Structure formats: structure tokens, C-alpha cells
Amino acid sequence: MDRWMALLVLQALLLLPLADGAAPALRFVAVGDWGGVPNAPFHTAREMANAKEIARTVQILGADFILSLGDNFYFTGVQDANDKRFQETFEDVFSDRSLRNVPWYVLAGNHDHLGNVSAQIAYSKISKRWNFPSPFYRLRFKVPRTNVSVAIFMLDTVTLCGNSDDFRNQQPERPRDLELARTQLSWLKKQLAAAKEDYVLVAGHYPVWSIAEHGPTRCLVKHLQPLLATYGVTAYLCGHDHNLQYLQDDHGVGYVLSGAGNFMDPSKRHQRKVPNGYLRFHYGAEDSLGGFAYVEISPKEMSITYIEASGKSLFKTSLPRRARP
């Protein structure tokens, strides 16, 4: 059996360049809530297992970048750009050769805001793969060898909605700086209204919809969800709840929750707070080593595969390319 599996893997590796030639795609990993612990060894078994499986996935399938969905450093972020946690929880953990040249695009979670988010932004100048230019920003990509375009709007949902305690059932109540929250929302609205890309993604730490411990974020259901529907956004990616979920609303917007980078929580306590029929997949097994989402965007569709840190594919779905306005 082992020899047979080895032959299959070898065959897959030989066929991959051919497949890549036939089907160009933009590929990335989306992982949230991966931020280790503040005491030695500064990482968890789950974070290490995720790093190992992300490296294996990137080596076999390829990735153009990694999307970090917040809570990058538990439990109180970092203090300054030279904080040892960057090395101990990030660089030393995601150290496999296959990851060395893969850029990370980063946004902040509630635990990052308990420390110094400006220091995480400043670290972009120190690390060649850590990219966090400002609290909220736009990314733009082309599917390789095509004119198919992808926009990703990276949000700071904590400045948008307020902070909350990750380990209590606490909703963010109100933003600390109302003006800053309004500025970000107004920026997003203008950007989405003008977006002509074939795929438009929005990413933030807090979920819009979730059946798990924290449930739907009321502030985002009120302020963000209508924008996603109005402007035909392909998907919203997030973390915060420590599990894996896929939901899809009546407008066809996909909700990719990938918060299993460091902890696993089996809670489904908010199942009744999510509209009927939205939930398509949930995985929060306590004995699991966590997992992440792997996204491939082709000229035809965007496919999302949830991969457990053990290497098992848990669920796969796809979303269509946007109709041109």
C-alpha cells in the first residue's frame, strides 16, 4: 500500500505542471487565529501541525500567497517591531523551505489590538514575507497567464466594531473611534462600488455569520453584510471562531470561516442565530489538530477546500466568477 501511495503521489507531482499549464489559477491559503501562546515555546501543537500541513500543501499544489485572518499573536499581540514573538511564533514556525518565499498578507484580530498593531504594520519593513501596509487596504491580483482579475479588501473589523474577549461569549459593542470606523466603512463602500474585478473578496477577523461560540457579529450583519450583497462580492473570509465553517447566503455570497490555526472549539451554540439553509459545513472536533482553507481562483470559478492539519480534505465547494457589470 505504501509503495502504491508513493507511486500515486509521484504521478500527481509529474502531472501537476501539465495541469497548471492547462488550468491557470491564483492559489492561496487562508488561515486565522494561529498566534501561538505568550510563554515558551511560544507555539502550540496545533499551530505546528498547521504550519507543517500548509508547507506540504504549498509544496504539492502551490500558493501565490497566504492570507492571515487575525489573532496573529496570543494573547495580547506584540509590543514593538522587534518583539521576539515575530521570530518565535511566526518565522520559526512557518520555516519550511516551501514557505520561505511565499508572501503573507496580514490583518489584525481582537487579540492583536490588545497589543501594538502599529508594530505589526512596522514589521513589514523587517520581514521580507510579512505584508501589513495599513489597518485596512486593497490587494489586486491577476490569475496567472490570463486577464482575469481578483480584488481582496482587507479590513480591520476591530476598529470597525470594537474589541471583544475571544474566550467569552462577548460581542463587540461599539468602536473606540467612531470617526475611524466611519472612514473605513466609507472607504470600503466606495471601493466596492467601483470594483470591476472578476472576483471580489473581503476579509476581516470577525465573522458576519457563524454558528459557533461567538455567533454572528451584529455590527457586521448590520453594516457589512448589505454591502457584500449590494455590490456582488464573491466571498467574505474571516476567523475569530476557533473552527472551520462554510456558509452561503441567499445572494450567493460565500462565507469562509477559517479560525482553526491554534485552537479548536466544538461549540454550535449560535446555530439558531444563522438563517436556515446558510450553513453548508462546520468542523470543530476537539481532538483535531485544526486546519485551514485552500483557495484556487480560475477563469471559471473560485474553489475552496478545507484541509485538516492531518492532511485530510474535509469539504470542497465553489463560487462562480462575477457577471461583468
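Author: Let me begin with a term: a residue is buried under 20% relative accessible area, exposed over 50% and partly exposed in between, using a 1.4 Å probe and protein chains only. This is a predicted model, in which local features need pLDDT of at least 70 and side-chain atom pairs count only at pLDDT 80 or more, while totals for chains, interfaces and linings use all residues. Residues are numbered from 1 along each chain as its sequence is written, and side-chain values use heavy atoms, with hydrogens and water left out.

Reader: Is Ser 303 buried or exposed?

Author: Ser 303 has a relative accessible area of 6%, so it is buried. It lies in strand 13, residues 301-308; strands (E, at least two residues) and helices (H or I, at least four) are DSSP runs numbered from the N terminus.

Reader: And which residues does Ser 303 touch?

Author: Contact means heavy atoms within 4.5 Å. Not counting residues up to four places away in sequence, Ser 303 touches Tyr 294, Val 295 and Glu 296, and also Lys 316, Thr 317 and Ser 318.

Reader: Changing topic, where does Val 93 lie?

Author: Val 93 is in the loop between helix 3 (85-91) and strand 3 (104-106), and at 8% relative accessibility this residue counts as buried. Leaving aside neighbours within four places in sequence, its contacts are His 43, Glu 47, Met 48, Ala 51 and Glu 88.

Reader: What about the nonpolar core, which residues touch the most other members?

Author: A nonpolar core is a set of buried Ala, Val, Leu, Ile, Met, Phe, Trp, Tyr and Cys residues joined through side-chain atoms within 4.5 Å. The largest one has 64 residues, and Leu 67 and Ile 297 touch the most other members. Apart from this core lies another, of 31 residues, including Leu 220 and Val 274.

Reader: Fine, and for the whole protein, how many helices and strands are there?

Author: The protein has 8 helices and 14 strands. Its radius of gyration, taken over C-alpha atoms, is 19 Å, close to the 20 Å that the globule rule (2.2 Å times the number of residues to the power 0.38) gives for 325 residues, so it is as compact as a globular protein of that length.

Reader: How much of the protein is buried?

Author: Of the 325 residues, 57% count as buried. As for contacts with a separation of 6 or more, residues 24 or more positions apart account for 73% of them.
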